[in-house]
Amino acid sequence: IEHKGALASLLTTLSEGDILFIDEIHALDRKIAEVLYAAMEDHVIDLPAGKRVIRVPLPKFTLLAATTHAGKLPKPLLDRHRIAVVLDPCVL
């Protein structure tokens, strides 16, 4: 997700109860992450329309994210997640 428009496109196509999976979420741009926070908490996204901003309601959805660099996750993102699972590779 390289810009806000790409995230907006994803979020506005979700249905109630859908799961949004973001891989390597540690690499998400801070400005895009802030849009995601509002979507997760308030179930809205603000879209620019000329000099105005249109607030679009979003359905409730679940964010499932993965990272290979947990230490690079921003604190605001960690604060908003209820469950964190760490998978360690098995040696057989």
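Leaving out neighbours within four places in sequence, Leu64 is in contact with Ile19, Leu20, Phe21 and Ile22. The model is predicted. Leu64 belongs to strand S4, which covers residues 62-65. Ile19 lies in strand S1, residues 19-22. When residues up to four places away in sequence are not counted, Ile19 touches Thr62 and Leu64.

| Pair | Apart in sequence | Apart in space, C-alpha to C-alpha |
|---|---|---|
| Leu64 and Ile19 | 45 residues | 6.7 Å |
| Ile19 and Ile54 | 35 residues | 24 Å |

Accessibility can be given for both residues of the first pair. Leu64 has a relative accessibility of 47% and counts as partly exposed, because the exposed class begins over 50%. Ile19 has a relative accessible area of 57%, so Ile19 is exposed.

The next topic is the largest pocket. Rolling a probe the size of a water molecule over the atoms shows where empty space is left. The volume of the largest pocket is about 960 Å³. Its lining is made up of 25 residues, and Leu63, Ala65, His81, Ile83 and Ala84 lie nearest the centre. Helix H2 (30-42), S4 and helix H3 (75-80) are the elements that give two or more residues to this lining. S4 gives the most, with four residues. By residue type, the lining of the largest pocket holds 17 nonpolar, four polar and four charged residues.

Key. Residues numbered from 1 in each chain as written. Predicted model: local features only at pLDDT ≥ 70, side-chain atom pairs only at ≥ 80, totals over all residues. Heavy atoms only, no water. Buried < 20%, exposed > 50% of the residue type's maximum accessible area, 1.4 Å probe, protein only. Contact = heavy atoms within 4.5 Å. 1 Å grid on protein atoms, 1.4 Å probe; cavity = no way out; pocket = protein on both sides within 12 Å on 5 of 7 lines; lining within 4 Å. Points joined across faces, edges and corners; volume = space filled by probe spheres on them. Nonpolar A, V, L, I, M, F, W, Y, C, P; charged D, E, K, R; others polar.
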